[in-house]
Amino acid sequence: MSDKLNSELTSRRASVSASLKTRANSIVKSEDHATPLELVDITIHYGGGKGGSEPVNVVDNFNMTLHAGEMHCVAGRSGSGKTSILTVGAGLTLPTSGRVLWEGDSLETMSDDEIADRRRALIGYVDQGGALIDGMSALENVLLPAVPDGEVEQRREMAKDLLDLVGLGRRMRHRPSQLSGGERQRVAIARALILGTRVLIVDEPTASLDRQSANRIIGILKDTTNDGIAVLVASHDHELVRLSDTLTELN
């Protein structure tokens, strides 16, 4: 990412945010919180309901503080609970016990609607594979999060800038079936950033990619932290683990 292009995108974001007064960009606290995401004593169990089955312990007493502008990697074998931690951090699922704090506010104190509003304003989530809509172009996929608040036209130029930043400016009209796996993952990352995300959560972004494509994704994630965005990633990619600022290894 060039300094000039990075500066232009930052300016564009500020301009768009100033002109749009919607829930998605006004609900987040105006001051920059140094710790946008904290997980405190998180325990995640599955099962053990009315059927009488024994609960399966997936995560026990997990703690993490994610600072603005840093990348934290949750590493471990398949089935170790990496994805469960990410979905809890994104407010998509609730932990069995423990607290999730977004910019210092606990999700325990929020209604479902409040969690949904704050998530749109704060969190960008990218699951494995990117989950793009097949019948839509790359540009249309990036703009999807802007649809509920009617911000599509206002954010169109930002979407183009984001696709430029991830190296897909010339392929924004292509549909997912016309893109490689690495390109689809880059579109998904651009989509996750379109609302001015402060925390980017990405699940196994390099799992099915060749080394060159994987390294490009890792470079984009590192560039994202230079904008002050916090990145939480689950991966067992040794290069991604090496380049993360902090690391948790799950057994």
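**Sheets, cores and buried polar residues in a predicted model**

Strand 1 (residues 37-46) and strand 2 run antiparallel and are joined by 7 bridges. Helices (H or I, at least four residues) and strands (E, at least two) are DSSP runs, numbered from the N terminus, and two strands pair if DSSP finds at least two bridges between them. The structure is a predicted model, in which local features need pLDDT of at least 70, side-chain atom pairs count only at pLDDT 80 or more, and totals for chains, interfaces and linings use all residues. Residues are numbered from 1 along each chain as its sequence is written, and side-chain values use heavy atoms, with hydrogens and water left out.

The chain contains 9 helices and 9 strands. Of its 251 residues, 47% count as buried, where buried means under 20% relative accessible area, exposed over 50%, and partly exposed in between (1.4 Å probe, protein chains only). The accessible surface comes to about 11900 Å², and carbon and sulfur atoms hold 46% of that surface; areas come from the Shrake-Rupley method with a 1.4 Å probe, and for residues only the protein chains shown count as cover. Among contacts (heavy atoms within 4.5 Å) with a separation of 6 or more, 73% involve residues 24 or more positions apart.

The antiparallel sheet is open and has 4 strands in the order 2-1-4-5. Its edge strands are strand 2 (56-66) and strand 5 (105-106), each of which pairs on one side only. Opposite Glu38 stands Thr65 of strand 2. Helix 3 packs on this sheet, touching strand 1, strand 2 and strand 4 (97-102), and its direction makes about 125° with that of strand 1. Axes are lines fitted to C-alpha atoms, for helices over the stretch in contact, and angles run from 0 to 180 degrees between N-to-C directions.

A further open sheet is made of 5 strands in the order 6-7-8-3-9, with parallel pairing. Strand 6 (123-126) and strand 9 (246-249) are its edge strands, each pairing on one side only. From one strand to the next, the twist averages 15°. Helix 3 (residues 82-89) packs on this sheet as well, touching strand 3, strand 6, strand 7 (199-203) and strand 8 (230-234), at about 155° between its direction and that of strand 7. Helix 4 (residues 112-122) touches strand 6 and strand 7, and its direction makes about 80° with that of strand 6.

Within the parallel sheet, strand 3 (residues 71-75) is joined to strand 9 by 4 bridges, and His72 has Thr246 of strand 9 as its bridge partner. Strand 6 and strand 7 pair over 4 bridges, with Gly124 opposite Leu200 of strand 7. Strand 7 is joined to strand 8 by 5 bridges, and Val202 stands opposite Val233 of strand 8. Strand 7 is largely enclosed by the rest of the structure, because 5 of its 5 residues are buried. Val199, Ile201 and Asp203 point one way from strand 7, while Leu200 and Val202 point the other way.

In soluble globular proteins, nonpolar side chains tend to be buried together. A nonpolar core is defined as a set of buried Ala, Val, Leu, Ile, Met, Phe, Trp, Tyr and Cys residues joined through side-chain atoms within 4.5 Å. The largest such core has 38 residues, and those with the most contacts inside it are Leu163, Val187, Ile189, Leu200 and Leu221. Two or more residues each come from strand 3, helix 5 (138-143), helix 6, helix 7 (181-193), strand 7, helix 8 (211-226) and strand 8. Helix 7 gives the most, with 6 residues. Leaving aside neighbours within four places in sequence, Leu221 is in contact with Met71, Ile189, Leu200, Val202, Pro205, Val231 and Leu240. A second, separate core of 26 residues includes Leu66, Val74, Leu107 and Val199.

In helix 6 (residues 156-165), the buried residues include Met158, Asp161 and Leu163. Just after helix 6, Gly167 takes a positive phi of about 80°. Arg155 lies in the loop between helix 5 and helix 6 and counts as buried at 1% relative accessibility. The side chains of Arg155 and Glu151 are joined by a polar contact of 2.3 Å. A polar contact is a pair of N or O atoms within 3.5 Å; within protein, one must be able to donate a hydrogen and the other to accept it, and residues adjacent in sequence count only if both atoms are side-chain atoms.

Asp237, in the loop between strand 8 and helix 9 (238-243), counts as buried at 10% relative accessibility. A polar atom of the Asp237 side chain lies 2.9 Å from the backbone nitrogen of Glu239. Leaving aside neighbours within four places in sequence, Asp237 is in contact with Thr206, Arg211, Ala214 and Ile218.
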